Amino acid sequence: MITGELKNKIDSLWDIFAAGGLVNPLDVIEQITYLMFIRDLDDSDNLRAKEAAMLGLSHKSIFSDEVQIGERKIDGQQLKWSVFHDFPAAKMYSVMQEWVFPFIKNLHGDKNSAYSKYMDDAIFKLPTPLLLSKVVDSLDEIYKLMNESQTADVRGDTYEYLLSKISQSGLNGQFRTPRHIIRMMVELMNPKADEIICDPACGTSGFLVAAGEFLKETRKEEIFFDRQKKNHFMNHMFHGYDMDRTMLRIGAMNMMTHGIDNPYIEYRDSLSDQNPDKDKYSLILANPPFKGSLDYDTVSADLLRVCKTKKTELLFLALFLRMLHIGGRCACIVPDGVLFGSSTAHKSIRKEIVENNRLEGVISMPSGVFKPYAGVSTAILIFTKTGHGGTDNVWFYDMQADGFSLDDKRSPIAENDIPDIITRFRNLPEEKERKRTEKSFFVPKSEIIGNDYDLSINKYKQTEYKPVEYPSTQEIMAELQELEMQISEEMKALRNLLGM
């Protein structure tokens, strides 16, 4: 969560764009993203050089030697942020427009890569050298504050705060998933080095980035010291689809900045017939759109056979089941209505997950998790595609705190159930003896079936009532009389003081 001076600096950066004539929030986000990407290229290239030196490996800098830009060859060092940010405004502007921007557009050699596809139509839109100079100075200040911050994921939080500006503007608002919730879901699924991971509504690739970061932290040696697994990680593991080209462009750069060279990020309406994926992925992580326009005629027929509805949240669940291969797992966010909705479509998709696959967990989250951008109550469903059942007992958890206040401010607080959720989910055999009055407990499949496949935690949670003993009527009356006498005495003393 971004607060204090860093938040003020980001707000000031936004104001700089507005004063310079760029007011469309999507344009602003794109231009900031390009500049952050250019700066991160410099930082990541320096970091990789240091890592290579420590490991005794050779390193070929992307800025080394001469770089071909159109018909010209120029010194690659001039394309580094740390070099050109000291140039006078006019020279910096010409370097950015004529050299740096064409350089990043053609940075990835594979013309079929996600990065190349979505950078191909990118446009440098800053209108004046003065605006560029102010933005570069402002970003340098923001990066300085980020580097001084003690927060573990300040870079990600900063970027998420920038993206939240789109929602605040009311233009193409995106329903953003908080990074700590994404991280929790990734840790719950504990991805392996051979996964094929997909987010069919990826936006800016938050789930894919988090999964990649988790794998680098927990399976670094397994992935990066095995040529085949490293190739899989860089080129074949991550798949994302969305219908917003701006988000896809930002997502592709987001992935590349995090060291994933060639994610498969495509423009696609995942619910339509243009999505052929079936039995393909081992892990799906997603927060699909809950509302929005849906062209019923374009929805894939096999999804409608599972649940005939216009509700995107139900259709995406059917889609996840189709896209996963047998044994594939899913962790997805759904609105609470999915858990207890009484329509035929609601019941049929819940029945499909419970009866024909293995539903493992339902984590109920408080409604404030998505504030200030949305107040909807949500839950996380965790299930495995089996195609032949397997649900036995379903684990429920009643999350009451996520480390932040549940109001619009979302200030950090001490109460946080997330570490407990991860610990308990990773030790499910120890959960079997828990009572329904605790935060987590198991519910047998037979009981869920008996309740029309209702998955809302309040259907099964028991409230423990503690008896309260009240004083007798005689004792209460005696206390009231004593209070009345005390008041009378005090009033008498007050009148004497006033000479009445």
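The disulfide count here is zero, where a disulfide is a pair of cysteine sulfur atoms within 2.5 Å. This is a predicted model: local features need pLDDT of at least 70, side-chain atom pairs count only at pLDDT 80 or more, and totals for chains, interfaces and linings use all residues. Residues are numbered from 1 along each chain as its sequence is written, and side-chain values use heavy atoms, with hydrogens and water left out.

Take Cys 198. Cys 198 is in no disulfide, and the nearest cysteine sulfur, in Cys 202, is 8.2 Å away. Cys 198 is also buried, at 0% relative accessibility. Buried means under 20% relative accessible area, exposed over 50%, partly exposed in between, with a 1.4 Å probe and protein chains only.

Next, the nonpolar cores. Such a core is a set of buried Ala, Val, Leu, Ile, Met, Phe, Trp, Tyr and Cys residues joined through side-chain atoms within 4.5 Å. The largest has 54 residues, and Leu 35 and Phe 84 are among those with the most contacts inside it. Apart from it lies another core of 47 residues, including Val 209 and Phe 238. Back to Leu 35: among the residues it touches are Trp 81, Met 96 and Leu 126. Contact means heavy atoms within 4.5 Å.

Conventions
Lists of a residue's contacts leave out its neighbours within four places in sequence.
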